[in-house]
Amino acid sequence: MKPAAAAQGGRGDKRQRGHNGASKARADALAKTNKKSVSLRDRLRFLTHLLKKVRFFERIKIERQIGQLHRKLQEAVEQGAAPEEVSEQQAVLEEWQRKLLYVRHFPAGEKYVSLLRQADSPEAQEAADIPP
């Protein structure tokens, strides 16, 4: 006769066993590899996971700002604005595009410094001063 948990489509079996089998195999595999590479791999995975949301939301905000700046620039050109004003808006647009490149191409495993927060710390100020 089958246990009651197994009669429910096998879901009870997993609950009784837990997920120890997979984690035990993973722990054994990690123990066999070099500890230095494991710690680096774990750090990369942790930082990538931790900062994924931050980078995503910053990317969305920056893309929205770039779209607004494009529209303002087109309106200024269509209305025949002064060349100084147009070049100033283009410089601001290029700055936001550099920020977008920073967010998109930030290297994995490095500590990510947010560009959209207030730049109180010297670290944040340094990251905000992205070279052209």
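**Note on the core and salt bridges**

1. Val103 touches Arg55, Glu58, Arg59, Ile62, Tyr112 and Leu115, leaving aside residues up to four places away in sequence. Contact here means heavy atoms within 4.5 Å.

2. This is a predicted model: local features need pLDDT of at least 70, side-chain atom pairs count only at pLDDT 80 or more, and totals for chains, interfaces and linings use all residues. Residues are numbered from 1 along each chain as its sequence is written, and side-chain values use heavy atoms, with hydrogens and water left out.

3. Val103 also belongs to the largest nonpolar core, which has 16 residues. Ile62 and Tyr112 are, like Val103, among those with the most contacts inside this core. Helices α3 (35–78) and α4 (83–104) each supply at least two of its residues. A core is a set of buried Ala, Val, Leu, Ile, Met, Phe, Trp, Tyr and Cys residues joined through side-chain atoms within 4.5 Å. Buried means under 20% relative accessible area, exposed over 50%, partly exposed in between (1.4 Å probe, protein chains only). Helices are DSSP runs (H or I, at least four residues), numbered from the N terminus.

4. The whole structure holds 3 salt bridges (a side-chain nitrogen of Lys or Arg within 4 Å of a carboxyl oxygen of Asp or Glu). Arg59 meets Glu63 at 3.3 Å, N to O. Glu63 also pairs with Arg104 at 2.8 Å. Glu63 lies in α3 and Arg104 in α4, so this pair ties together parts 41 residues apart in sequence. Arg104 is partly exposed, at 45%.

5. Glu95 bridges to Lys99 at 3.8 Å. Glu95 is partly exposed at 35%, whereas Lys99 is buried at 13%.
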